[in-house]
Amino acid sequence: MTRKTGTAAERVFVGLGANLGDARAALASALDALDSHPAIERVATSSLYRTAPVDATGPDYLNAVVELRTTLGPLDLLKALQAIEADHGRQRPYPNAPRTLDLDLLLFGQREFDDPALTLPHPRLHQRAFVLEPLAQIAPDLMHPRLGRLRDWRERVVDQAIEKLP
């Protein structure tokens, strides 16, 4: 990873999802795009999980979570993620619409950040099995700045169907 002098890399977690087109290929391509960014280093990648849409309709999703290190700030990382989504044909016709690729910035270190474009930590990450399960796989002791240990929240989403894929 390219680092500016004196700039420490931040530990961040990004959720990946897709439920339109070839979702598996879209997620693989998104990982390649993250790997090619000079200010982003991929540290860990969860397995793929199949989940039903939450608060939405459409086909099942394929989901994963990645741990990254980056020297980008939160809004610059968000712009990079949205550019990757756009390159994959992501459209936003209405809230929770099916998507060719969805990249959600979940946690940015222990920062709390509230901007019209971005809220950190992601305000619903603790309510989603498709986030909590892959997070538990790659960072079992991960702490949320307000909610504590995230693995403790998994029991609250056991009613959400989730299948780990080979």
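Helices here are DSSP runs of H or I, at least four residues long, and strands are runs of E, at least two long, numbered from the N terminus. By that rule, Leu31 sits in helix α1, which spans residues 23-36. One thing to keep in mind as you look around: this is a predicted model.

**Starting from Leu31**

Is Leu31 buried or exposed? The cut-off for buried is under 20% relative accessible area, and Leu31 comes in at 15% relative accessibility, so Leu31 counts as buried. Who does Leu31 touch once you skip the neighbours within four places in sequence? The contacts are Leu16, Arg42, Thr45 and Val66. Two of those names link up with strands we'll meet again: β1 covers residues 10-18 and β4 covers 61-70, while β2 covers residues 40-45.

Now hop over to β4. Nine of its 10 residues are buried, so β4 is largely enclosed by the rest of the structure.

| Strand paired with β4 | Sense | Bridges |
|---|---|---|
| β1 (10-18) | antiparallel | nine bridges |
| β2 (residues 40-45) | antiparallel | five bridges |
| β3 (residues 49-51) | antiparallel | three bridges |

Arg11 has Arg69 of β4 as its bridge partner. Ile40 is bridged to Thr70 in β4. Thr51 stands opposite Tyr61, again in β4. As a bit of background, side chains in a regular strand alternate between the two faces of the sheet.

**The largest pocket**

Next up is the largest pocket, which holds about 890 Å³ of space. Its lining is made of 42 residues, and nearest the centre lie Arg99, Asp102, Asp104, His122 and Arg124. Several elements give two or more residues to that lining: β1, β4, α2 (74-87), β5 (102-108), β7 (118-120) and α3 (129-138). Which element gives the most? That's β5, with five residues.

Notes
Residues numbered from 1 in each chain as written. Predicted model: local features only at pLDDT ≥ 70, side-chain atom pairs only at ≥ 80, totals over all residues. Heavy atoms only, no water. 1 Å grid on protein atoms, 1.4 Å probe; cavity = no way out; pocket = protein on both sides within 12 Å on 5 of 7 lines; lining within 4 Å. Points joined across faces, edges and corners; volume = space filled by probe spheres on them. Buried < 20%, exposed > 50% of the residue type's maximum accessible area, 1.4 Å probe, protein only. Contact = heavy atoms within 4.5 Å. Pairing = 2+ DSSP bridges.
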